[in-house]
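Keep the structure in view while reading.

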Amino acid sequence: MSPLAHGAAASTDVVGAQGDTPQDAAPPLSDLVVLLDEAGRPTGTAPRARVHTRETPLHLAFSLYVVDTDGRLLLTRRATGKTAWPGVWTNSCCGHPQPDEQMQAGVRRRTAEELGLEVGELDVVLPDFRYRAVDASGVVENEICPVHLTVVPVGTEPRPDPAEVAEHAWLDWSDVRRTAEVSPFLLSPWMVLQVAQLGALAGDDLRSLATRSLGAVR
């Protein structure tokens, strides 16, 4: 049985283009997200724990897809203690750059915190991805969320923070595409949208979008 079969169903109320949702415990006030206007320009900041509500303002985030040299994608299942989309399978890592933090520095920081992985070169494969989605509980995600890709050697294994990630699995990219098309309720709504766009660009070889990771493995 596919490991995705154990995930909880995701809300399908999606208006657009991902993100990481805070746990119930409030993070430090220094853990801020960047608020954006409709043109994507920064307008200020807000504590991450207070942003995600039923009226979440547009803010900046990122998604990361970790694929190995055999073409398998690292999927993670959100911890059951997450405020929104608990227990749902999603892409490798999601998060928010902090104010004055370069985007790729934020991706590397969050990947180390959440997955215990130090990633190398990153490719921005969907620079303009944006979406809005509503969880079954009513919590809204509303993000401009550039999607990144990195390629790692076969045999790479994360050491996830159990407060963030319940479990993980490496799946063939073609199987991920098929799941997103046939059983989208098994995946986060932002991932369903991202997989469709990435599939249109890369077909069944996600590694083909890499230009820097591991010497541009194709």
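A residue counts as buried if its relative accessible area is under 20%, and as exposed if that area is over 50%. The model described here is predicted. Glutamate 141 has a relative accessible area of 0%, so glutamate 141 is buried. This residue is found in strand 11, which covers residues 140–144. Proline 162 is exposed, because its relative accessible area is 65%. Proline 162 has its place in the loop between strand 12 (147–152) and strand 13 (165–172).

Each of these two residues also has a partner elsewhere in the sequence.

| Pair | Apart in sequence | Apart in space |
|---|---|---|
| Glutamate 141 and leucine 58 | 83 residues | 8.3 Å |
| Proline 162 and alanine 79 | 83 residues | 6.8 Å |

**Backbone angles**

Most residues other than glycine have a negative phi. Which value does phi take in tryptophan 85? The angle is near 50 degrees, a positive value in a residue other than glycine. Tryptophan 85 lies in the loop between strand 6 (72–78) and strand 7 (89–90). Its relative accessibility is 1%, so tryptophan 85 counts as buried.

Aspartate 100 is another residue other than glycine with a positive phi, here near 65 degrees. Aspartate 100 is found in the loop between strand 8 (93–95) and helix 2 (103–115). Because its relative accessibility is 84%, aspartate 100 counts as exposed.

**Aromatic rings**

A pair of aromatic rings is described by the distance of the centres and the angle of the planes. A search of the whole structure gives three aromatic pairs. One of them is formed by tyrosine 131 and tryptophan 190, with 6.0 Å from centre to centre and 45 degrees between the planes, and this pair is tilted. The pair links distant parts of the chain, since tyrosine 131 belongs to strand 10 (residues 130–134) and tryptophan 190 to helix 4, 59 residues apart. Tyrosine 131 and tryptophan 190 are both buried. Together with Trp85 and Phe129, Tyr131 and Trp190 form one aromatic cluster.

**Helix 4 and its neighbour**

Helix 4 runs over residues 189–202 and has 14 residues. From its first C-alpha to its last, helix 4 reaches 20 Å, close to the 20 Å expected at 1.5 Å a residue. An α-helix has 3.6 residues a turn, so residues three or four places apart point the same way. Which residues in helix 4 are buried? They are Pro189, Trp190, Met191, Gln194, Val195, Leu198, Gly199 and Ala202.

Helix 3 covers residues 173–182, and the axes of helix 3 and helix 4 come within 9 Å and cross at roughly 125 degrees. Angles under 35 degrees count as roughly parallel, over 145 as roughly antiparallel, 65 to 115 as roughly perpendicular and the rest as oblique. Helix 3 and helix 4 are therefore oblique to each other. Their crossing is left-handed.

**The protein as a whole**

The protein has four helices and 13 strands. It consists of 218 residues, and 54% of them count as buried.

Note on methods. Residues numbered from 1 in each chain as written. Predicted model: local features only at pLDDT ≥ 70, side-chain atom pairs only at ≥ 80, totals over all residues. Heavy atoms only, no water. Helix = DSSP H or I, 4+ residues; strand = E, 2+ residues; numbered from the N terminus. Expected span 1.5 Å × (residues − 1). Buried < 20%, exposed > 50% of the residue type's maximum accessible area, 1.4 Å probe, protein only. Phe/Tyr/Trp six-rings, centres within 6.5 Å; stacked < 30°, edge-to-face > 60°. Axes fitted to C-alpha atoms, helices over the stretch in contact; angles between N-to-C directions. Left-handed = near helix turned anticlockwise from the far one by under 90°.
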